[in-house]
There are 4 protein chains.
Amino acid sequence: MKKIRLGMIGGGEGSFIGAVHRKAAALDGHYELVCGAFSSDPSNSRRSGELLNLAPERVYGSYTELLLTEASLPAGQRMQAVAIVTPNHLHAGPVLLALQHGFHVIVDKPLTLSLLQAKQIASALQDSSCKLAVTHTYAGYPMIKEARHRVASGQFGRIRKIFIEYPQGWLSTALENQQHKQASWRTDPTLAGAGAVGDIGTHAAHLAEYVSGLNITDVCAELNSIVPGRQVDDDACALLHFEGGASGVLIATQVAAGEENNVRLRVYGELGGLEWSHQDNNALHIKMTGQPEQIYRSGSSGLSAAAVLATRLPAGHPEGFIEAFANIYSAFALDLLGNASKDHDYPGIRDGVRGMAFIEAMVRSSTSAQKWTAIEV
Amino acid sequence: MKKIRLGMIGGGEGSFIGAVHRKAAALDGHYELVCGAFSSDPSNSRRSGELLNLAPERVYGSYTELLLTEASLPAGQRMQAVAIVTPNHLHAGPVLLALQHGFHVIVDKPLTLSLLQAKQIASALQDSSCKLAVTHTYAGYPMIKEARHRVASGQFGRIRKIFIEYPQGWLSTALENQQHKQASWRTDPTLAGAGAVGDIGTHAAHLAEYVSGLNITDVCAELNSIVPGRQVDDDACALLHFEGGASGVLIATQVAAGEENNVRLRVYGELGGLEWSHQDNNALHIKMTGQPEQIYRSGSSGLSAAAVLATRLPAGHPEGFIEAFANIYSAFALDLLGNASKDHDYPGIRDGVRGMAFIEAMVRSSTSAQKWTAIEV
Amino acid sequence: MKKIRLGMIGGGEGSFIGAVHRKAAALDGHYELVCGAFSSDPSNSRRSGELLNLAPERVYGSYTELLLTEASLPAGQRMQAVAIVTPNHLHAGPVLLALQHGFHVIVDKPLTLSLLQAKQIASALQDSSCKLAVTHTYAGYPMIKEARHRVASGQFGRIRKIFIEYPQGWLSTALENQQHKQASWRTDPTLAGAGAVGDIGTHAAHLAEYVSGLNITDVCAELNSIVPGRQVDDDACALLHFEGGASGVLIATQVAAGEENNVRLRVYGELGGLEWSHQDNNALHIKMTGQPEQIYRSGSSGLSAAAVLATRLPAGHPEGFIEAFANIYSAFALDLLGNASKDHDYPGIRDGVRGMAFIEAMVRSSTSAQKWTAIEV
Amino acid sequence: MKKIRLGMIGGGEGSFIGAVHRKAAALDGHYELVCGAFSSDPSNSRRSGELLNLAPERVYGSYTELLLTEASLPAGQRMQAVAIVTPNHLHAGPVLLALQHGFHVIVDKPLTLSLLQAKQIASALQDSSCKLAVTHTYAGYPMIKEARHRVASGQFGRIRKIFIEYPQGWLSTALENQQHKQASWRTDPTLAGAGAVGDIGTHAAHLAEYVSGLNITDVCAELNSIVPGRQVDDDACALLHFEGGASGVLIATQVAAGEENNVRLRVYGELGGLEWSHQDNNALHIKMTGQPEQIYRSGSSGLSAAAVLATRLPAGHPEGFIEAFANIYSAFALDLLGNASKDHDYPGIRDGVRGMAFIEAMVRSSTSAQKWTAIEV
């Protein structure tokens, strides 16, 4: 099969997520990186292109230059899809321009700085013949796909309680005052929009909705800026209401000092529950009333098609974050190549728009004295 | 040392917690069970007394009979302390009568059916020369004592976030309709007062306050009666405000189908955090920023006096629930024997009163459209 | 029910296991400690008796005095069973004298200093009307009983592989040179007989045989004295042959620096396997080919009668070492009271004799250049 | 940087390890797959090449054709390194021919069918200007590199005990009779040489030596063919002697029914020990005497340069088997590109030769009545 010609906007030196996107794109052999505008600093962009062994003429100094120049290249040579891995304030512009010129888009989360921008993208996408993926990574884990499958199968009965948490500790001190590139933009409201609620809260909310198959309808949230001087929230906790009467709790905090990135999801229905944690991502714990706890592991027998297709190795051979990311890239590639399947899903525009609606509802709720605030999409 | 002569009210056949109290009292040899009114059913009480090898004349048909008769016995023979292990609605009566007749009291939690009753007990206790313990079991675990010690020592800096959860699944179905004795009284508002919030929510709140050394000041709660037909709450989740600006989340649910009794506490300060879970009660996880996670285990070196005194065995020999319970009994015994020490603490009247104030605030909050409700003691 | 009148030989100040025996005897209310010869040092014995609230006239200065004096007391007052918790070299003498005077015996492991002594005890026991228990503690854990039940039920098919390990680190340095009472006698060949192989190797071998239901037939062992100057082995590893063709590995080492007491057992048959570890003693992991791993926890549903009877608390309430020990005491009590049942088993003379045969075979194998050495009972 | 042009021998449809090699080579962008002889079945080879998007003229029908044809291509186009991922009996031939024609070699383990062949390769390699890597995967895990670093640093003092185990269950039944391609060749002595001892025993032995920095000098082994009719060993257990007086135990079994691939290593020195398990590969447990257990996680602070360089993601983002594999590929690439460093090591010819010597000693020991058999390189 021909590889998809991929370009990248952002992801130069000092980026964390850009390298992840590239490794994810490379892993399964579906993409060939052909061009990039890796930084608004042209020398950074050029050096990044060299390290990536790109043709110098296809390393650009700005996203506009990239999109316009690539659009002018012959069809058989031109970039087909573009990965947008810039800070959040630089999502909407490149996404809209890419769609306008007919490029498929893979964009990091959160989709934009505002729900309004997200809806503009949704509208532009609908008017185009392009496809768009949003890298809500956790939806790429095989055992998360298994969890979603099992909830949908009715194994647990009607869902009653959903607990999702995403504790990090890396922003427990004012790293943004120490020339820490990641910390700097992620705590700058003009670049990041929201803080913890946008950076990791959207991951948490997406994961809860993806696995449960239920939308969050209302939140009762408190957002805090705990580290003195911080300009965005670094801590977001909420009670949740879901469609169909389920309720739950969301914890997304970046000041859980000593914690790494230990996302943890629990979903309980009438008949049993499930538990998944990022630290042990290859396992899914199933607890049915009156039965022993069961641990399903990726690669073993008895799993759904979606989980099987998202796994590369036999049982007992751990896969991880890059593989989960690659599952999104590969599912998107299969869709572009005309081989889409419900067992090869990936987060798209609907997830991106809901993420922005979630962020805005959380922010509204946090400043409200009323208990509940609706999510309005 | 002479053993303390102990009586028991409640704890007959079909009781869960009565046998735990007896084993806890027996474990370290500080008590001798000498009498009891084990059930309001005289034949149940008599059979229970026989199984416990008590003198038949000291097995009573009611708590009144027990307290009045024992009060009339010669000093060297008379019961000295009484364990009250009845359903919640039968706490206040016997406690007040026991105090009136000069008996020390060990009473199960929650202390009473209402904050008002709790305050009456506090007042009666103050007027007496008696002592009173409330069996908030989790405060008896050695690694919880270690956790409290470490927070107090300032190791974590100022505390910022506290997450406490107590998920159970045993009430996921309407067991109260199936002649299940424990389920029946615990879901009957006239016998239990509140449901999950009283039965396990108070444990959770106490644990959070005990370890952090901070009082909960305000709650933003949702209480649900999830199982159809249930007359009390079986699910209680809340956002929390603590003294000094810390905030947190509390989960106490009895409909987490498939879960057993997996209490889990996390406390984070400026410099690091701690984690403890009931399933692995002999371990305390310490996570300091920039350092590897540390696991302290009961019986090993480097622990506080309070943890050491609460441990019976060398490292690697697991202790459990009965031992934690026995730590409360033994600390109370040492206090009665004049050997009280700050490293041998036990929950008392203050904890009991706060527990009732917590329950009432949670209930008020749950029916309020306002976000925050203050705990009023 | 009347309590069994219990005496104790050994277990004075500085003893570890004596206090465990007492707590185990007290926990379930089957025994009343009435007398003791707690130390060969009369003042130690006296002080111990005082702390235990014994009548001064029943605190003895030697085991001979205890056994002869108690034998002369009236039947309704006289000790009925004696717990022998002295160092190994002081097992055989008191056991034989106790049996001669008609006292039931609970004796710590290993049974004696030699297989010859063990056989003498077996013979004396047979000539008496007494019963004898050996405290192979690990056989008292509920989930070990469950494991044994499941192997016997045939769930795993024919057993093929058995891995048992008992790593400790506490003797990684020459503690015996530092006035450490436990280390001193346990590393003195005249008091302890063997070292690691006797102290913990016998526990390991017993556990492997108890769960598998298969005797070890041959060992291929290496015993080491790793710490310079140590006079007994502190490290014992062996390949094992079992009856019926199964094979395995045994690790018993006291120089695994940093380890506590983490016994771990794995048994594999044709169809699946099981795993148990001391650190998580309330869980039993079952791994059947083609199925998810299952975790059974004590107190939950689906367990064997033997496991249920060995559990005091509902699921999710951890029990531990003292409770396992108490299960041996309580099963022995039920046997003495005429209520023996196969689901209330306890290790007895056969286990004690096999333990000594195991030790002697390991020692012989260690000095042999031949690969395999038979266990000869 | 220019990518290294890579060819592949083996790895067509039905192969497990071929795809792993390709993903590992792709992950970090150091290699470009340019040609292959994927199967001795030409149509399988052709289909595989198509799926991999290779130029048809560079998909070959045999390894000889590949090596001779590529050798004849112009320097700027010709393959530079070849990955040999065939069954074991097809290692020596292609490796020797590749070296003869000046191609660098990456070859799966075990290196060959015999120690003699391995020595021939060592000799040919020395006579060439080529480099050779052997994919002992586990040496690629960051926390294994950290473990090796810590042992070498002297943190644990002199090493005393090493326990390595590799339990699998997938060959618990006679899969080789069910058209299972992997099982068929791995249990055929003409294709695989040895069974469990070669397939996973060499991984285990290599890991023990790599981390401890100590060679195994002698083995006392038992090899079993447990599944009826099996023609190779499926179970290999051994006592081990290491240089410098350390001793240990090795377990490599493919009949641990229900187990996946749970490699586990423990190393103990005078002052403490370490533990690593494959199921939780991003963690390294350090247990120093008198200190709490420490858990170091990949990506966190305080790790060695070798561990840091082998990690792609921040702490809390799990990496796995493919990443470990890729670390070998990338270290080899850096060496080929002239950027070798001691912190970017990879297993090479010495490891391959020692692996074969280990296998042959294990086989000799297993049929010997003598306890110990020396490893002779």
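Predicted model: local features only at pLDDT ≥ 70, side-chain atom pairs only at ≥ 80, totals over all residues.
In which sense do β12(D) and strand β13 of chain D pair, and over how many bridges? Residues are numbered from 1 along each chain as its sequence is written, and chains are lettered from A and ligands numbered from 1 in the order in which they are written.

β12(D) and β13(D) (residues 293-297) pair in the antiparallel sense over four bridges. Strands are DSSP runs (E, at least two residues), numbered from the N terminus, and two strands pair if DSSP finds at least two bridges between them. Strand β11 (residues 272-277) of chain D also pairs with β12(D) (residues 283-288) in the antiparallel sense, over four bridges.

| Strands | Residues between strands | Bridge partners |
|---|---|---|
| β11(D) and β12(D) | five residues | D:G272 and D:M288 |
| β12(D) and β13(D) | four residues | D:A283 and D:R297 |

In the hairpin of β12(D) and β13(D), D:G290 has a positive phi near 80°.

Between chains, 33 residues of chain B are in contact with 33 residues of chain A; contact requires C-beta atoms, placed from the backbone, within 7 Å. On the side of chain B that touches chain A, β9(B) gives the most, with four residues.

Chain A can be laid on chain C with an RMSD of 0.0 Å by a turn of 180° and a shift of 0.0 Å along the axis, which is the relation of a two-fold axis. The superposition is by least squares on the C-alpha atoms of residues with pLDDT of at least 70 in both copies.

How values were computed. Contact = placed C-beta atoms within 7 Å.
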